[in-house]
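Hi everyone, thanks for coming along. Let me put the structure up on the screen, and then I'll talk you through it.

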Number of protein chains: 2
Amino acid sequence: MTSTPSPRRIQLSHGGGGVEMNQLIQKLFFKYLGNDILLRDEDAARLEMTGPIAFTTDSFTVSPRTFAGGDLGKIAIAGTVNDLAMAGARPQYLSCGFIIEEGLTFSELEQLVKSMADELAKSGAKIVCGDTKVVPKGAADGVFINTSGVGECLAAPNWKSLEAGDLILVSRDIGRHGACILANREGMSLEGNLSSDCATLWPDVERLLNAGIEVKAMRDATRGGLAAVLNEWANGRQLGIDVTQEQVPITDEVQGLCELFGFEPMELANEGTFVLAVPKEQGDAALEILRLSQPTAAIIGTVVEQHLGKVVLTSPWGSQRYLELPKGELLPRIC
Amino acid sequence: MTSTPSPRRIQLSHGGGGVEMNQLIQKLFFKYLGNDILLRDEDAARLEMTGPIAFTTDSFTVSPRTFAGGDLGKIAIAGTVNDLAMAGARPQYLSCGFIIEEGLTFSELEQLVKSMADELAKSGAKIVCGDTKVVPKGAADGVFINTSGVGECLAAPNWKSLEAGDLILVSRDIGRHGACILANREGMSLEGNLSSDCATLWPDVERLLNAGIEVKAMRDATRGGLAAVLNEWANGRQLGIDVTQEQVPITDEVQGLCELFGFEPMELANEGTFVLAVPKEQGDAALEILRLSQPTAAIIGTVVEQHLGKVVLTSPWGSQRYLELPKGELLPRIC
């Protein structure tokens, strides 16, 4: 007779502030995420920083926790690193707060923490403080991760600086993360190359800044997708944005899924795709840099002085329609 | 016939990144928490800061969400403000991440956000960035809040500086938050003055620093209580700590509840009570300052060169025992 040992699981005591929590921190979090600051300081990390500092936060509840191209750990790091990068800041220091449902296996938690460590390496950011809560079975779904981040600002992109004539670019083909989660939820086997775009964007941003590109506005197109970013810019700045539909890069897989389920690719979430605006004369240079990592990067539109506050999409046949700010349910727990 | 309108509730679309989420942010979060920075910046706040900066994070899952002396909103602010204060830092800028279960009423969320605003006013800290996720019914229990915070360091308390002879103080009577949650869970009506100690500690810390008290170590005694803090200090520094049991302030209500349910008051969580170590000659001055806000503040012990790494409790009858690092389940969802 053989018996299968039950997998080791997180207990309520791992969040109790005593012996078990200390062990979890030492043997799991410090093992993979440890660094001089995390190991040195108490609850709060002490950081030497100067000048304008970007500060951002995101909680991650993505379901399923593992998907083609990433998992909750990867997205929890990339998401906050990207928010810093989009603010023109070098991603330096991150916090990490776990809310864990009693019964999560250690092996899954360990895999998520490993993914976090791998993703941190891509930008050089470090986890410098953390918190662990364990809630009873049924009070959360598996595990949620919050990361917050700080970094020194090297640039100050802001949509308030947008002017008519500026060019709008996307860093790669859009809609992959949303389409990937959608396909997964619908139980479809993913044929072809449909995987999430989930990625750390700092290397691209660093190259743009190092090359002297004047990034006027920059945003990763997460929930609400490309449509949300462009509408917030147009509406905030009270200028118009013209988008040439056939310039917007969308793979056949994403387009096909959207047609099947009635989604608009421009509303689908991305997790490693950003939108930027640059002065007209720097469009080609910016595109060339973006294509170093993603050959599908493209110039998709222009800031204009017409249809103020609105985004207008021109189809290959010349017809025009407003691209609206997304409304309604979209996909819950996309990130 | 009259019909009672059903309360307005949070829908999945409030976390979707589109129209409904924008409205929630504008009409609720900005209404109560708005300030120049939150209203000015995009995803990431841009902060002018210099010198050593403290950075900390905490997620809050307390159940019940409202208790005698506070609620989830209050604790979510006080907790992170206190972590900054304990690092000797002025609480300046906080982030705020909500994970909301679909179906939470707007009125409850509004009450929590109001509590947050009230508690922020006590330290002058501001919410400068945030994130909202909504998960389907059953995937979380009501609402969880993560706050992270940054602030410029005015002092550098660290248990590594502890020396034999230093005095250990607590800022008020201990165990109130844990006892209050325990009583609530057991369905006991709270007679007497048993309410949570949940409070912002920055004003006390600021007074200590302004008075020139050399705070060698400082920690709020949250999960794991006084026992966890003293054990971490004694074990970390490899010195002993002697505690005189009758000097440790505990109210009759807390003591009584602990006897009834078999808890150790020194292991109960606090949410507005801190432990500090000062040089022997500054003990009385520090105590006087602490008593300005809490008359139960007390000098409870001494750092010694005996029983290295251990905390020893001396009873009124002269008997001695180790005060251990708490172990096991304690109270889940205490904070």
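Let's begin inside chain B, where strand β8 (residues 167-170) and β12(B) run antiparallel to each other and pair over four bridges. Pairing here requires that DSSP finds at least two bridges between two strands, and the strands themselves are DSSP runs (E, at least two residues; helices are H or I, at least four), numbered from the N terminus. Within that pairing, Val170(B) sits opposite Ala298(B) of β12(B).

Before I go further, a word on conventions. This is a predicted model, so local features need pLDDT of at least 70 and side-chain atom pairs count only at pLDDT 80 or more, while totals for chains, interfaces and linings use all residues. Residues are numbered from 1 along each chain as its sequence is written, chains are lettered from A and ligands numbered from 1 in the order in which they are written, and side-chain values use heavy atoms, with hydrogens and water left out.

Back to β12(B). Strand β10 (residues 240-244) of chain B also pairs with β12(B) in the antiparallel sense, again over four bridges. There, Val243(B) has Gly301(B) as its bridge partner. So is β12(B) largely enclosed or largely open? Strand β12 (residues 298-304) of chain B is largely enclosed by the rest of the structure, because five of its seven residues are buried. Buried means under 20% relative accessible area, exposed means over 50%, and partly exposed is in between (1.4 Å probe, protein chains only).

Now over to chain A for a buried residue there. His177(A) belongs to helix α5 (residues 176-185) of chain A, and its relative accessible area is 0%, so it counts as buried. What surrounds His177(A), leaving aside neighbours within four places in sequence? Its contacts (heavy atoms within 4.5 Å) include Val62(A), Phe67(A), Ser196(A), Asp197(A), Glu271(A) and Ile334(A).

Next, the interface between the two chains. Here 77 residues of chain A are in contact with 77 residues of chain B. Between them, the chains bury about 5,900 Å², 56% of it on carbon and sulfur atoms; buried area is the accessible area (1.4 Å probe) that two parts lose on being put together, summed over both.

On the polar side, 29 residue pairs are in polar contact across the interface of chain A and chain B, both residues at pLDDT 80 or more. A polar contact is a pair of N or O atoms within 3.5 Å; within protein, one must be able to donate a hydrogen and the other to accept it, and residues adjacent in sequence count only if both atoms are side-chain atoms. As for where the chain A side comes from, β2(A) gives the largest share, nine residues. β2(A) also pairs with strand β1 (residues 45-49) of chain B in the antiparallel sense, over five bridges, and Arg46(B) in β1(B) is the bridge partner of Ala54(A).

That brings us to salt bridges: a side-chain nitrogen of Lys or Arg within 4 Å of a carboxyl oxygen of Asp or Glu. The structure holds 34 of them over all chains, and the count between chain A and chain B is four. One pair is Asp58(B) with Lys133(A), at 3.6 Å, N to O. Asp58(A), Arg223(A), Asp131(B) and Lys133(B) are linked in a network of salt bridges.

Let me finish with pairs inside a chain. Glu206(A) forms a salt bridge with Arg90(A), with the closest N and O atoms 3.2 Å apart. Glu206(A) lies in helix α6 (residues 202-210) and Arg90(A) in the loop between α3 (72-86) and β5 of chain A, so the pair ties together parts 116 residues apart in sequence. Glu206(A) is partly exposed at 24% relative accessibility, and Arg90(A) is partly exposed at 33%.

In chain B, Glu264(B) bridges to Arg321(B), the closest N and O atoms being 3.0 Å apart. Glu264(B) has a relative accessible area of 21%, so it counts as partly exposed; Arg321(B) is partly exposed too, at 38%.

Thanks, and I'm happy to take questions!
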